[in-house]
Amino acid sequence: MQIDEFTELLDRYGSRSEDWPTSQRDAMRALLSASNAAREALHAAQQLDVALDAYVMQSPDLTERIMARLPRSRLQEVLDWLLPSMPSLWWRPAFAAAMPLLLGIAVGATVDVAGVDAVNSDWDAQEQIVLDSQIGLIAALNAGEGDE
Amino acid sequence: MQPDEESALVRAVAAGDRDAFRRLVQSHQRPLLAFARRMLQDPAQAEDVVQETLLRLWSRAARFEPGRARLTTWLHNIARNLCIDVLRRQQREPGADAGGDRGNCRHGDPPVDRADENADGNPVHREERERLARRVQSLLAALPERQRSALVLCHYQGFSNREASEILELSVDALESLLARARRTLKKELNADHAD
C-alpha cells in the first residue's frame with residue numbers, strides 16, 4: 001500500500017481500523033509501522049474524529065407529542081362525541097356501556113306515575129260500564145222471558 | 001431491541017396497535033432527532049421531521065419489509081428525504097424557515113457534556129470542546145447535503161458504509177466518495193483554523 005492509497009482509504013473509512021475492510025488492514029498496519037507520513041495522516045484523521053465527536057447534543061423526548069398526533073380510532077371518536085370533557089381514557093368505555101342503565105334510571109325517575117294511574121283508572125271505569133250494561137241487558141232479557 | 005421483536009412490533013403497528021407504536025417511537029426517536037438536527041441545524045424543524053417520519057411509520061408500517069432493510073435504515077431514509085424537502089423549501093424561500101418565532105437555535109445549541117479526550121490522550125476542556133462543537137456544526141452546515149448526509153450517517157449514526165449507501169440510495173463506491181470529500185473538506189478547514 002502506498003501513502004496516497006492509504007490517505008484515500010482514511011478519508012473513505014475513517015481513522016478506526018475496525019471500520020476498514022478486513023482485506024486492507026494488514027497492509028495498513030505494515031505501512032503505519034514503516035512510514036512517518038502514514039502516521040501523520042492517521043493522526044490528522046483521528047483529530048478530525050475528535051472534532052466531530054465534540055459536536056454532541058441532547059435530544060428531548062418527543063414520544064407524547066407523536067402519540068398525540070396519531071389519528072383517532074372510530075371508537076375513540078364516538079366516545080369523544082359522547083363524553084367530550086372526560087380526561088381519563090380507561091373508564092370511558094365502561095361509562096358508555098352503562099349509558100342504557102343510566103337512561104332507564106333517568107326515565108323511571110322523571111315519568112309521572114300519577115298519570116299512569118289515571119290512565120289505569122279510566123280503563124277500570126270503562127270496563128265497569130261495559131259490565132254493568134251487559135248485566136242490565138241480561139236482566140232485561142230474563143224479565144221478558146218471565147212475561148211470556 | 002432484537003430484529004425479530006422489532007419486526008413483530010411493526011406488524012402490530014400495521015394492525016393498529018398503539019402500544020407497539022409507542023415502543024418503536026421510544027426506541028427510534030432520539031437517533032432520528034440527532035440525525036435531523038445535524039442535517040438541518042434547526043431544532044424545531046428537526047422535531048417536525050422526526051414526528052412526520054414516525055407518523056409515516058404508523059401509516060405505512062405494512063409496507064416495511066424486514067428482509068430488505070433494518071427498520072432504522074428505513075426510517076432514516078424517510079427522515080433524510082423529509083430533511084431534503086425542508087432544505088429545498090429554505091432555498092426557495094430564504095428566511096421563511098429560518099426559525100424566528102419558532103425558536104431556532106442555529107449555531108447556538110451544541111451542549112457538550114461528554115468527557116472526550118483528544119487524540120493525544122489529553123482532556124479537552126469544556127470551553128474548547130464547545131468552541132470546537134460550534135465550529136464543526138458550522139462546517140457541517142456548509143457541506144453539500146449529500147456529503148453531510150453521508151458523514152452524519154456513518155460517523156454519528158453508526159451506519160456502515162453499505163447501510164448508509166442504502167439510505168442515500170447510492171452505490172457504496174459513490175457513498176465512500178462523498179465521505180472522502182466531506183472528510184477532506186473538514187480536515188482542510190480545521191487545519192486552517194489551527195494555522196490562524
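E8(A) and R184(B) form a salt bridge, with their closest N and O atoms 3.2 Å apart. The pair crosses between chains: E8(A) sits in helix α1 of chain A, and R184(B) in helix α8 (residues 172–195) of chain B. Note that this is a predicted model. E8(A) is partly exposed, at a relative accessible area of 28%. R184(B) is partly exposed too, at 37%.

D11(A) is buried, with a relative accessible area of 5%. Buried here means under 20% relative accessible area, so D11(A) at 5% qualifies. These bridges belong to a network. Salt bridges link E8(A), D11(A), R12(A), D173(B), E176(B), R184(B) and K187(B). Over all chains, the structure holds 21 salt bridges.

Another of these bridges lies elsewhere. The side chains of E52(B) and R69(A) meet at 3.7 Å, N to O. This pair also crosses between chains, from helix α3 of chain B, which holds E52(B), to the loop between α4 and α5 (74–82) of chain A, which holds R69(A). E52(B) counts as partly exposed, at 26% relative accessibility. R69(A) is partly exposed, with a relative accessible area of 41%.

Which residues does Q51(B) contact, leaving aside its neighbours within four places in sequence? They are R65(A), I66(A) and R69(A). Q51(B) is buried, with a relative accessible area of 6%. Within its own chain, Q51(B) can be set against L32(B). The two are 19 residues apart along the chain, and their C-alpha atoms are separated by 9.6 Å.

Turn now to the rings. The structure holds five aromatic pairs over all chains. One of them is F6(A) with W20(A). Their ring centres are 5.7 Å apart and their planes stand at 40 degrees, so the pair is tilted. F6(A) lies in helix α1 (residues 3–13) of chain A, and W20(A) in the loop between α1 and α2 (22–34) of chain A, so the pair ties together parts that are 14 residues apart in sequence. Both F6(A) and W20(A) are buried.

Y55(A) and Y156(B) make an aromatic pair with an edge-to-face arrangement. Their centres are 6.2 Å apart, and the angle between the planes is 85 degrees. Why does this pair join two chains? Y55(A) lies in the loop between α3 (36–54) and α4 (63–68) of chain A, whereas Y156(B) lies in helix α6 (residues 145–156) of chain B. Y55(A) counts as buried, at 1% relative accessibility. Y156(B) is buried as well, with a relative accessible area of 18%.

An arginine accompanies both tyrosines. R38(B) lies over the face of Y55(A), at 5.2 Å from the ring centre. The charged end of R38(B) also sits over the ring of Y156(B), 3.7 Å from its centre. Back in chain A, ring pairs link F6(A), Y13(A) and W20(A) into a cluster.

M99(A), L101(A), L102(A) and I105(A) make a nonpolar surface patch of about 370 Å². M99(A) is found in helix α7 (residues 99–110) of chain A. It is partly exposed, with a relative accessible area of 33%.

Finally, consider chain A as a whole. How many helices and strands does its secondary structure come to? There are eight helices and zero strands. From the N terminus on, the elements run α-α-α-α-α-α-α-α. Chain A has 148 residues, and buried residues make up 25% of them. Among its contacts between residues at least 6 apart in sequence, 37% join residues at least 24 apart. Chain A exposes about 10,100 Å², and carbon and sulfur atoms supply 60% of that area.

Note on methods. Residues are numbered from 1 along each chain as its sequence is written. Chains are lettered from A and ligands numbered from 1 in the order in which they are written. This is a predicted model: local features need pLDDT of at least 70, side-chain atom pairs count only at pLDDT 80 or more; totals for chains, interfaces and linings use all residues. Side-chain values use heavy atoms; hydrogens and water are left out. Rings of Phe, Tyr and Trp (its six-membered ring) pair if their centres lie within 6.5 Å; planes under 30 degrees apart count as stacked, over 60 as edge-to-face and the rest as tilted. Helices (H or I, at least four residues) and strands (E, at least two) are DSSP runs, numbered from the N terminus. Buried means under 20% relative accessible area, exposed over 50%, partly exposed in between (1.4 Å probe, protein chains only). A charge sits over a ring if NZ of Lys or CZ of Arg is within 6 Å of the ring centre and within 35 degrees of the ring normal. Patches are made of residues with over 30% relative accessible area and no salt bridge: like charges are joined within 9 Å, nonpolar side chains (Val, Leu, Ile, Met, Phe, Trp, Tyr) within 5 Å. Accessible areas come from the Shrake-Rupley method with a 1.4 Å probe; for residues, only the protein chains shown count as cover. A salt bridge is a side-chain nitrogen of Lys or Arg within 4 Å of a carboxyl oxygen of Asp or Glu. Contact means heavy atoms within 4.5 Å.
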